[in-house]
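Biologist: I am new to this structure. Can you walk me through how to read it, feature by feature?
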Amino acid sequence: MKQKPTKPQGKLGVLIVGMNGAVSTTFIAGTYAVRKGLGLPVGSLTQLATIRIGKRSDNNFPKIKEFLPLYDLDQIVFGGWDIREETALDGARTAQVLTENDLLKVKDEMEALRPMKAVFDKEWVKRLDGNWVKQAPTKWDLMEMVRQDIRDFKAQNKCDEIVVIWIGSTEVFTPALDVHSSIEKFEEGLKNNHPAISPSMIYAWAALKEGWPYINGAPNLTVDMGATFELANLNKVPIAGKDFKTGQTMVKTIISPMIKMRMLGLHGWFSTNILGNRDGEVLDDPGSFKTKEESKLSVIDSILQPELYPELYKDYYHKVRINYYPPRGDNKEGWDNIDIFGWLGYPMQIKIDFLCRDSILAAPLALDLVLLTNLAQRVGFYGIQEWLSFYFKSPMHSPDVVPEHDLFIQHIKLKNTMREIMDEEPIDHIDEKIKKFK
Ligand SMILES: NC(=O)c1ccc[n+]([C@@H]2O[C@H](COP(=O)([O-])OP(=O)(O)OC[C@H]3O[C@@H](n4cnc5c(N)ncnc54)[C@H](O)[C@@H]3O)[C@@H](O)[C@H]2O)c1
């Protein structure tokens, strides 16, 4: 049963898997910088956006952070796991997203942050090696060790609540198998070291067993399977995923609805990226790339609905490439060539060249997701949080509905859910005059 939430007074523990990566350290350092008044949380809806309440004529647009009782940034305590024992400061220096000058302003906080030992298996991320890794005879034991980490962190930092978020590397692709289908089979698999159980699944299982939400910022299967749906529902815990929607996919979910809304046709969409950070290196491995490719490819089909519009979208060709190119570091360049057609089938082209910064786009999404998933838990939402689809490339959804990829529809859904949480009327955008007329 939903309860109207009140402003939390204590501390929120944010436990990040992959704590020393590019996105994580940009998220953490940025949060500290904003807390000190040294920067703006650009890209974060919870910190900057407003929300309309009531009729347009009411002129009531509070900021989301004033409307929703979210944790403030200075109530957040960071922690997490990684596969090397370096501090978050060293992690941020390796990532080279933020300048040394900016890092020095939050040096003390970043230097104090050291990861807990990771659950890691090179079979799942072939391009990385780790020496700060837990050892135990079974995957079940590893899962219990992560549970203990969560309890210890909560007690040591006097946190009231916890959110766990995966911002770790993309794991090798696996489809959902029988072992992932139910709590019973999955727990048996943990005890028998089933090879299809990945490290990310072990962290997620530990979080859900402890009763804390798990957010999946990568395209890994992790919480998008029968066993975790069952556990999240049983323990009444929110889960959200997967794969942050930044860069090229964000653009795709804006351009495809435009093409479809105007009933223009599509012959083909070719997307390619050059990227030189560690994520790019991991995605250079075909197994990890396949996980990412699946996540990127599904988007256009779901928006264009070729089954309903075969004359416009039946045979379009869609190709996605990610090329590891070290000189660019975290500054990705994403090209899109889109072959469309109009009236009587006459061809046209759209070309996009997005010179973006991956972690700069992803960090505010991590912040919003952490705050909103915690809110979801406090109001009694549990299982898949479809209202957070706005933030994901492959939004998780219940098996009986199709996913919603259109960024604008996702945005309306997000804001109407916020209104619903605070017992305000959802906004349907129908003119008041027309309502009166009826
Ligand atoms: N930056 C974006 O725009 C964006 C968008 C969508 C998704 N993502 C995803 O976010 C994730 C992080 O991206 P990044 O650029 O920060 O990559 P990164 O390589 O800089 O960071 C990943 C971190 O995860 C750690 N790690 C790997 N396996 C681990 C394990 N089992 N336990 C603990 N730590 C582990 C690595 O050591 C590394 O520090 C990737 O999966 C990426 O695909 C990023």
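Biologist: Let me begin with a hairpin. How many residues lie between E9 and E10, and which residue in the turn has a positive phi?

Modeller: Keep in mind that this is a predicted model. E9 and E10 form a hairpin with five residues between them. Leucine 344 sits in the turn and has a positive phi of about 65°.

Biologist: How many bridges join E9 to E10, and do they run parallel or antiparallel?

Modeller: Strand E9 covers residues 333-341, and nine bridges join it to E10. The two run antiparallel.

Biologist: How many residues of E10 are buried?

Modeller: Zero of its nine residues. Strand E10, residues 347-355, is hardly covered. In a regular strand, side chains alternate between the two faces of the sheet.

Biologist: Now the open sheet. What is its strand order?

Modeller: The order is E3-E2-E1-E4-E5-E6-E11. That makes seven strands, with parallel pairing. Strand E3 (116-117) and strand E11 (383-384) stand at the edges. Each has a single partner strand, so one side of each is left without a neighbour in the sheet.

Biologist: How many bridges join E6 to E11?

Modeller: Two, and the strands run parallel. Isoleucine 239 stands opposite isoleucine 384 in E11.

Biologist: Which strands does H15 lie across?

Modeller: H15 lies across E1, E4, E5 and E6. To read its direction, take the angle to one strand: H15 runs at about 135° to E4. H9 lies across E1 (12-17), E4 (161-166) and E5 (214-216). Its angle to E4 is about 165°.

Biologist: Which peptide bond is cis?

Modeller: The one that joins glycine 241 and lysine 242, with omega about -10°. Lysine 242 is in the loop between strand E6 (238-241) and helix H11 (247-261). Aspartate 243 lies in that loop between E6 and H11 too. Aspartate 243 has a positive phi near 70°, in a residue other than glycine.

Biologist: Is aspartate 243 buried or exposed, and why?

Modeller: Count neighbours: 20 or more other C-beta atoms within 10 Å make a residue buried. Aspartate 243 has 22, so it is buried. Now try asparagine 193, in the loop between helix H8 (183-191) and helix H9 (199-210). Its phi is positive, about 55°, although it is not a glycine. Asparagine 193 has 13 C-beta neighbours inside 10 Å, so it counts as partly exposed.

Biologist: What are the domains?

Modeller: The domain assignment gives domain 1 (12-244 + 360-421) and domain 2 (248-355). Their C-alpha centres lie 26 Å apart. The contact takes 25 residues from domain 1 and 27 residues from domain 2. On the domain 1 side, 12 are nonpolar, seven polar and six charged.

Biologist: Why does the ligand lie between the domains?

Modeller: Both domain 1 and domain 2 give residues to the shell around the ligand, so it lies between them.

Biologist: How many residues surround the ligand, and which are the closest?

Modeller: There are 35, and the closest are Gly18, Gly21, Ala218, Arg278 and Asp279. By class, the shell has 18 nonpolar, 12 polar and five charged residues.

Biologist: Which elements each supply at least two residues of that shell?

Modeller: They are helix H1 (22-35), strand E2 (76-82), helix H12 (278-283) and helix H15 (358-379). The largest share, four residues, comes from H15. That is the helix that lies across E1, E4, E5 and E6.

Conventions
Residues numbered from 1 in each chain as written. Predicted model: local features only at pLDDT ≥ 70, side-chain atom pairs only at ≥ 80, totals over all residues. Domains from an automatic or database assignment. Contact = placed C-beta atoms within 7 Å. Nonpolar A, V, L, I, M, F, W, Y, C, P; charged D, E, K, R; others polar. Near = placed C-beta within 6 Å. Buried ≥ 20, exposed ≤ 12 C-beta atoms within 10 Å, placed from the backbone. Pairing = 2+ DSSP bridges. Axes fitted to C-alpha atoms, helices over the stretch in contact; angles between N-to-C directions.
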